[in-house]
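Here are some exercises to work through with the model open beside you. Try each task before you read its solution.

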Amino acid sequence: MAGPERQRIDKWLFYARVAKSRSLAARLVQAGGVRVNREKIIQAAYQVRADDVLTIARARDILVYRILDTGMRRGPATEARALYEDLSPKPVASEKPVVAGLRDAGAGRPTKKERRAMDKWRGEP
């Protein structure tokens, strides 16, 4: 289902499910978190069309979308995914995963196993 030729950026972000509401989408644009074709925009009424490239800076990630179509409504997620092509860079996998509870040797309090080994070494019962 093809939408209009041009559409407001806040409406498109809402229809594409980037923002939960139109007012949040407008706030994201006004805060400078959206670029259209590498140009920062600050007006929620900015008109976007097919083949525009959006760079969206969110709290923990950066999204890069190429607009394929403008929407007519905020539909299900499958309908929203048809509005854009995702060009976002893949997250870089860290070399060593961080595991809670592990610590470097000699750092912090000894574990129960280490304490027993020290007691055995000292000759304590």
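Two strands pair if DSSP finds at least two bridges between them. Helices (H or I, at least four residues) and strands (E, at least two) are DSSP runs, numbered from the N terminus. You're looking at a predicted model: local features need pLDDT of at least 70, side-chain atom pairs count only at pLDDT 80 or more, and totals for chains, interfaces and linings use all residues. Residues are numbered from 1 along each chain as its sequence is written, and side-chain values use heavy atoms, with hydrogens and water left out.

**Exercise 1. Work out the order of the strands in the open sheet.**

Step 1: Pick a bridge. Arg35 has Thr55 in E5 as its bridge partner.
Step 2: Now go across the sheet. Its 5 strands come in the order E3-E2-E5-E6-E7, with antiparallel pairing.
Step 3: Check the edges. E3 and E7 (84-86) each pair on one side only, which makes them the edge strands.

**Exercise 2. Find which residues touch the most other members of the largest nonpolar core.**

Step 1: A nonpolar core is a set of buried Ala, Val, Leu, Ile, Met, Phe, Trp, Tyr and Cys residues joined through side-chain atoms within 4.5 Å. Buried means under 20% relative accessible area, exposed over 50%, and partly exposed in between (1.4 Å probe, protein chains only).
Step 2: Among the 21 residues of this core, the ones touching the most other members are Ile9, Trp12, Leu13, Val34, Leu54 and Ile56.
Step 3: See who supplies the core. H1, H2, E2, E5 and E6 (62-67) give at least two residues each, and H1 has the largest share, 4 residues.
Step 4: Zoom in on Ile9. Leaving out residues up to four places away in sequence, its contacts (heavy atoms within 4.5 Å) include Val29, Val34, Ile41 and Leu54.

**Exercise 3. Decide whether Asp52 is buried or exposed, and look for a salt bridge.**

Step 1: Locate Asp52 in the loop between E4 (47-49) and E5 (53-57).
Step 2: Asp52 is buried, yet has no salt bridge. A salt bridge needs a side-chain nitrogen of Lys or Arg within 4 Å of a carboxyl oxygen of Asp or Glu.
Step 3: The nearest side chain of opposite charge (Lys and Arg count as positive, Asp and Glu as negative; His and the chain ends are not counted) belongs to Arg49, 4.3 Å away.
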